[in-house]
Amino acid sequence: MELRVLEYFLAVAREESISGAAQFLHLSQPTLSRQLKDLETSLGKPLFLRGKRKITLTEEGRVLRKRAEEILELVHRTEREIARSEDLVAGDVYIGAGETVGMRYLTRAAHLLQREHPGVRFHVSSGDSIDVYEQLDRGLVDFGLLFDGADGTKYHSLRIPYQDTWGVLMRKDSPLAGKETVALSDLKGLPLILSRQVHAASFLKEQLGAAAGELWISGTYNLLFNGSLMVEDHLGYAVCLRNIVRVSEDSALCFKALQGAPRAEMNVVWKKHRGFSRAAEKYLEKLMEAIQEKDGWEGPAG
């Protein structure tokens, strides 16, 4: 599968028309049609549904579109990094991160690097650990900010001096809202909204043991802002970390720490044997400095 043909495929997917894509690519329609037919033959699957007015993607075509965009982005990024002068620190640094105040260590390091090298740009994509690990494994991000440890056989990690507290986000008119803290036994029979990653790890089930069968899991969330809306609209109680969604006097919600739950540690993670750009290398150096010399700036509150 040639990169040139992937470019052709994406052009047709974008234009939804052979003629429109051919005009954009400065190719004849027969040439483009032949290239696409050869691509479908090599894959053994139809990629397009050819209608009277436009072309749409099949399920296999949608999968290829996503992968082709990722492949070409990596190729173009690599070309830009190799073409730059060895003496120039510039380019793009990609970070995947969960929602956390601990992100301020990373943004502080980004600021320090940009003061010295204004040509460095930072791109942050938010998601839970499932999203971030997927981006790391596909080479779409240089660094991931994750809670708890990572597989040491696949990843390097750097501990961030920040912890957060597990607890429950609930409405202020909830029967549990008057408690200082919440016990696991208080959650039995209540509709719980869990983080997708916590649900996958059976976090509460591990804590409750045999009593886990009494849990009522009414839903999951990926990012907590939407989870907080679920709570506000009476869908349940969200198990989450304290410093993600801020609650105030005017808020309809409150947070109660979960008794006996372990503190959540935080790590910056990157793949082993991955070649970094000069910008990413310099960023890692600044991040280590920001962690070691955090005095003199307002770090995250744990």
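Predicted model: local features only at pLDDT ≥ 70, side-chain atom pairs only at ≥ 80, totals over all residues.

Let us begin with S195, which has its place in strand β9, residues 191-195, where strands (E, at least two residues) and helices (H or I, at least four) are DSSP runs numbered from the N terminus. Residues are numbered from 1 along each chain as its sequence is written, and side-chain values use heavy atoms, with hydrogens and water left out.

Is S195 buried or exposed? With a relative accessible area of 6%, S195 is buried, a term that means under 20%, with exposed over 50% and partly exposed in between, for a 1.4 Å probe and protein chains only. Leaving aside residues up to four places away in sequence, S195 touches Y221 and V239, contact meaning heavy atoms within 4.5 Å.

Turning to the sheet, six strands form an open arrangement with mixed pairing, in the order β8-β12-β7-β11-β9-β10, and two strands pair if DSSP finds at least two bridges between them. β8 (181-182) and β10 (216-221) stand at the edges with a single partner strand each, so one side of each is left without a neighbour in the sheet. Strand β7 (residues 166-171) runs antiparallel to strand β11 (residues 237-241), joined by four bridges, and in β11 it is V239 that stands opposite V168.
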